[in-house]
Structures are given as structure tokens and as C-alpha cells.
Amino acid sequence: MLAARSTSAQRLEQIWSERKNTFDLPSDSAALAYVAWAKAMPWLARATDSEEWWEFFDVLVAASRDATNEPTGSLWSQQLLTVELPLTFAGFAVKLPSFAGMLEPVWTTLQQSLLKCTDDDGMFRDVPLEYWLPIFASWTRSLALGKEADRKLSKDAESRFQDVVESLLRLANRDGSILFRCDAHGVETHHIDLWRTAETFVDARLRKVITAIWGAAAKRGRSNTARAKRTALPTPSANSERAGIAILRPSWSAPHLIIDYRGSPFRLELEGKGGAYLSGACDLHLSLDGQQLSPQSSWEELCWISDDDVDYLELQQSFAEGVTIQRHLLFARDDAFVFFADAVLGEKAAAIEYRLTLPLAKDVSIESAADTRELGLVKGGRRRAVVLPLALSEWRGDRRQGELAEDANRLQLRQFAGAAQNLFAPWFIDLAPNRLRRPATWRQLTVAEDRQIQPHDAAVGYRVQVGNKHWLFYRSLIACGNRTVLGHNLVSEFLAARFGKSGVPETLIEIEAPADDDD
């Protein structure tokens with residue numbers, strides 16, 4: 001034990017001798033370094049010269065006061081310097097003259113920051129996503145420090161912290177990180193210990209959620225879904241149009257799809273028991289008659305539905321030449337698949353070229369079928385998902401309509417349509433472990449109206465079969481009419497259904513035709 005302490009002291013002395021580098025770091029890193037130095041100060045008092053120790057302590061106190069008097073930098077660095085840094089002093093320097101009178105206003109600042117920087121849903125206001133977890137981590141550490149100093153949050157601030165925890169839990173991955181697994185500097189992070197600390201400041205409901213995600217059963221690879229359903233837990237799915245974040249999550253311990261649609265680029269993350277399978281920016285390229293089109297608007301929400309069968313988000317973005325993209329994102333709860341599709345809606349017939357790339361997550365590889373376009377996503381030596389491009393021919397030799405392939409660690413779907421007004425580009429991603437090695441097949445179906453076969457730029461239908469499971473998908477691309485697909489009569493705009501044992505489609509979700517503006 002003495003040898004270990006001696007080694008620690010030597011290492012601290014070495015770091016202490018290099019401390020001047022702290023002042024040369026970017027503002028976020030410098031603020032974090034100041035907090036780290038403050039936490040090390042009690043040990044440094046035994047390993048350094050007394051005069052030098054006091055000199056640097058005054059530097060830390062001055063850094064906190066300067067940040068309080070003249071706020072600069074990110075919200076994260078402000079939180080570190082004006083709240084967590086002085087609260088760290090409280091553990092060993094509360095009686096010092098240079099610290100006197102700082103604690104009470106610091107605690108007020110923490111509570112004001114909680115209320116000002118988040119909304120009633122616990123989402124951050126106008127804060128880049130990569131800062132959410134670092135700020136939350138600082139708040140959580142500050143609460144732990146305040147508890148040691150016998151400080152408590154007001155009822156409003158305590159309630160808001162609960163909302164923030166609930167919101168971030170929906171974005172949480174199995175390693176404790178949130179969406180895209182990066183902190184404010186793009187470094188991968190792992191934060192299970194953070195959630196264990198936060199657990200001490202939340203109510204029983206959220207403690208059960210933390211157990212459902214990171215409990216012993218989850219660590220052994222077994223799902224806690226059944227137990228979670230029997231417990232009064234908050235809903236795991238949510239959508240905030242204001243924040244531009246949607247969480248499609250069948251249960252707290254199940255795979256989930258998270259969407260960031262607030263700006264450019266559009267980003268998503270698909271995670272399951274094996275970790276992340278897709279993660280990052282989705283690149284969309286669209287051209288009409290050889291002319292590339294650019295977006296003219298941000299993504300806006302058209303529809304959000306979360307019920308016992310599905311989580312469903314529909315978005316819309318305007319492009320040049322009067323073209324609109326309507327994006328469908330559907331996660332079927334019990335059926336354990338994701339349906340992702342873009343409807344390209346134009347004003348005139350043209351040659352359409354569509355290309356979308358989905359980002360593979362770290363350490364994910366592609367397993368291609370020999371003759372078909374079925375692709376497997378492999379991670380940790382195991383197949384984790386199966387991807388089917390429903391609008392393309394099942395057989396790889398038929399390239400008339402497009403191609404699905406791996407390109408620079410990304411999945412790229414290309415589709416073409418000549419002299420067409422509209423185009424539909426759907427993906428089916430199967431996540432059910434018991435189906436991942438079952439035979440998969442899909443077909444584009446005939447859609448008829450008044451006994452007339454409809455062209456593919458008017459309405460489309462698809463049938464998917466994996467093992468003994470079957471699904472039906474339908475999308476109208478023009479004004480809705482009374483149409484028939486696979487013997488199923490429809491007047492709706494969009495349908496996703498499963499085939500029951502009787503062979504009759506059972507609706508998972510059906511979106512009715514939009515109301516006529518003239519009505």
C-alpha cells in the first residue's frame with residue numbers, strides 16, 4: 001500500500017510540474033482541466049511545495065470568478081467553471097477567506113442553469129447535441145458535491161433534473177453514452193458510473209429504468225423487456241419537434257432507433273444488444289434529368305405516432321424544382337423490424353436518380369448473400385440485422401432499377417426511374433435474433449384501381465417474408481384512390497401490416513389520405 005501511495009505521489013508531482021499546459025488548452029478542455037486540478041488539490045497539498053500550492057489554488061479561484069463575472073465559451077465550460085469548480089472547493093476549502101461567500105450564489109447558479117437551459121420535457125434548449133451528456137455529467141457531479149455540503153435543489157429544479165434524466169435515458173446506449181457516443185470533442189465515452197450517481201437523485205420510476213437498461217440481467221445479455229412492461233415505467237419513446245430529436249424505442253431494454261433531424265445533416269443511430277449497427281450522418285443526393293437538386297428547407301414533422309404496435313415518424317423536406325421528400329421511419333414493437341423509406345414527390349415527369357447512404361457503426365461489417373441483395377450487418381462475429389431493399393429486384397443480377405452496396409463503410413442505396421413523377425425508396429431492417437438466419441424474400445406487388453394496374457410513380461406495394469413471418473407495405477404517391485393490393489382494399493396513403501395465421505393482413509399502422517385543402 002505504501003509503495004502504491006508513493007507511486008501516486010510521484011505521478012502527481014510529474015503532472016503538477018506540467019500544469020502550465022492547462023492555460024494553453026482550448027476553453028472547454030481548460031475548464032475541465034481546472035476541475036480536475038481542483039479535485040486533486042487535497043492530495044497535491046501533501047506532494048508539492050506549500051507556496052506553489054497556494055499560488056495555483058488562487059489561480060483556480062480566480063478562473064471561477066472571472067467566468068462568473070464575464071461569461072464566455074460554451075455552456076459546458078461555464079458550468080464547469082462557475083458551478084462544479086467552486087463546489088469542488090467546498091470539500092476542503094469552505095472556511096478559507098478566498099472562498100467565503102461563494103457557495104450560496106454558486107448553488108443558485110446551478111438551479112437557474114437547470115431551469116433556463118432545458119424545456120419542460122427535459123430537452124436542452126439551443127445546445128448542440130454533443131454537449132448534452134457532458135453538461136448533464138457536470139450537473140450530476142455538482143449535485144453530489146452539493147449533497148456533501150448539505151445543499152438541496154428547489155422543487156422546480158429537482159423536478160426539472162428528473163425530466164432531464166428521463167429525456168437522456170431515452171437517448172442512452174448500453175455503454176452509458178448517448179446518441180453518436182461522442183463527447184464535445186468527438187471522443188468516445190462510457191458513462192455507466194455517471195448513471196449510477198444520477199440514480200441517487202431521481203425517483204423510483206427512473207431508478208427502475210436505469211436497472212432495466214443496465215441491470216444485472218441486461219449485462220448478461222438477457223432482455224428485461226418483460227419485466228419492464230409489468231412495471232409502471234415512463235414511456236421509452238418520444239419525439240420533440242422543437243429539439244429535432246425522435247426516439248423510436250419499443251421498450252427500455254430493446255433495440256432502438258434515434259433520429260436527429262434538427263439540422264443538416266440528418267443523423268440516425270440504430271442500436272441493439274450488440275451495440276450500434278448504424279451511426280452517423282445520412283447523405284442524400286437527388287437529381288432530376290441530370291440536374292442535382294439542393295434542399296430548400298429543414299426537415300419538419302408531419303406525423304408522430306407511438307402506440308402498442310409501432311413508433312412512427314414522418315418528416316418532410318422541400319427541394320428545388322418543386323420536389324418534396326417525405327421520409328417514413330417505423331419501428332414495429334413486437335415484430336422487431338425497422339422500415340425506413342423516402343417518397344420523392346415531384347411536379348412533373350422526369351428522369352429521377354436517388355442515392356442515400358446510411359452510416360455503418362464502428363466495427364460493423366457487411367455479409368452479402370451470394371445471389372440476392374440481402375445484406376447482413378455483422379458485429380462481434382455475429383449477424384445482428386438483415387437489410388432488404390424492397391424496391392429493387394431480389395436478385396443481384398437485375399440492375400435495371402438500382403443497386404444496394406457497401407461504399408466506404410456505408411450502405412448506399414441507388415434507385416432510378418425514367419420519365420416518372422415520383423419514386424419510393426424503402427429499406428426493411430430485420431432485428432429479430434431468431435429470424436436473422438431464416439430465408440428472406442420480397443416482391444413488389446401490383447396495385448390496381450378501377451381494374452387498371454397503377455404505374456410505380458402512382459402507388460407501390462411490397463410483400464416481405466422472413467421465415468414464416470409476412471408483412472405488407474403500401475404507399476400512395478399521388479392523390480389517394482380506392483385501390484387494391486394483394487386483395488386488400490385501400491383508400492389510405494400509407495399502410496404497414498402483418499399477415500396473421502388466417503392470411504388476412506393485420507394493420508400495424510395506417511395513415512389516411514390528407515384532407516383536401518378545398519374542404
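Visitor: In which sense do strand E11 and strand E12 pair?

Guide: In this predicted model, E11 covers residues 365-368 and E12 covers residues 375-379. The two strands form a hairpin with six residues between them. Four bridges join them, and the sense of the pairing is antiparallel.

Visitor: Which residue in E12 does Glu367 stand opposite?

Guide: E11 and E12 pair over four bridges. Across from Glu367, the residue in E12 is Gly376.

Visitor: Which strands stand at the edges of the open sheet of four strands?

Guide: The order of this sheet is E18-E17-E21-E22, with antiparallel pairing. Two of its strands each have a single partner strand, so one side of each is left without a neighbour in the sheet. These edge strands are E18 (452-453) and E22 (488-490).

Visitor: Which residue in E18 is the bridge partner of Glu449?

Guide: Strand E17 spans residues 447-449 and runs antiparallel to E18, to which two bridges join it. The bridge partner of Glu449 in E18 is Gln452.

Visitor: How far does helix H3 reach from its first C-alpha to its last?

Guide: H3 comprises 20 residues, numbered 50-69. At 1.5 Å a residue, a span of 28 Å is expected. The model comes close to that value, with a reach of 29 Å.

Visitor: Over what arc around the axis do the buried residues of H3 lie?

Guide: The buried residues of H3 are Trp53, Phe56, Phe57, Leu60, Val61, Ala63, Ser64 and Ala67. They lie on the same side of H3, because the arc they cover around the axis is only 145°.

Visitor: Which exposed residues does the face of H3 turned away from its buried side carry?

Guide: The buried side of H3 includes Trp53 and Phe56. Exposed here requires over 50% relative accessible area. On the face turned away from the buried side, the exposed residues are Glu51, Asp66 and Asn69.

Visitor: Which strand supplies the largest share of the lining of the second largest pocket?

Guide: This pocket holds about 400 Å³ of space. Strands E7, E9, E10, E15 and E20 each supply at least two residues of its lining. The largest share, three residues, comes from E10.

Visitor: How many charged residues are in the lining of the second largest pocket?

Guide: The lining consists of 21 residues, and Gln326, Leu345, Arg475, Glu493 and Pro514 lie nearest the centre of the pocket. By class, nine residues of the lining are nonpolar and seven are polar, while the number of charged residues is five.

How values were computed: Residues are numbered from 1 along each chain as its sequence is written. This is a predicted model: local features need pLDDT of at least 70, side-chain atom pairs count only at pLDDT 80 or more; totals for chains, interfaces and linings use all residues. Side-chain values use heavy atoms; hydrogens and water are left out. The expected span of a helix is 1.5 Å times one less than its number of residues. Buried means under 20% relative accessible area, exposed over 50%, partly exposed in between (1.4 Å probe, protein chains only). The arc is that of the directions from the helix axis to the C-beta atoms. Two strands pair if DSSP finds at least two bridges between them. On a 1 Å grid over the protein atoms alone, a cavity is a set of points where a 1.4 Å probe fits but cannot get out, and a pocket is an open set with protein on both sides within 12 Å along at least five of seven lines; lining residues have an atom within 4 Å of a point. Grid points are joined across faces, edges and corners, and a volume is the space filled by probe spheres set on the points. Ala, Val, Leu, Ile, Met, Phe, Trp, Tyr, Cys and Pro count as nonpolar, Asp, Glu, Lys and Arg as charged, and the others, Gly among them, as polar.
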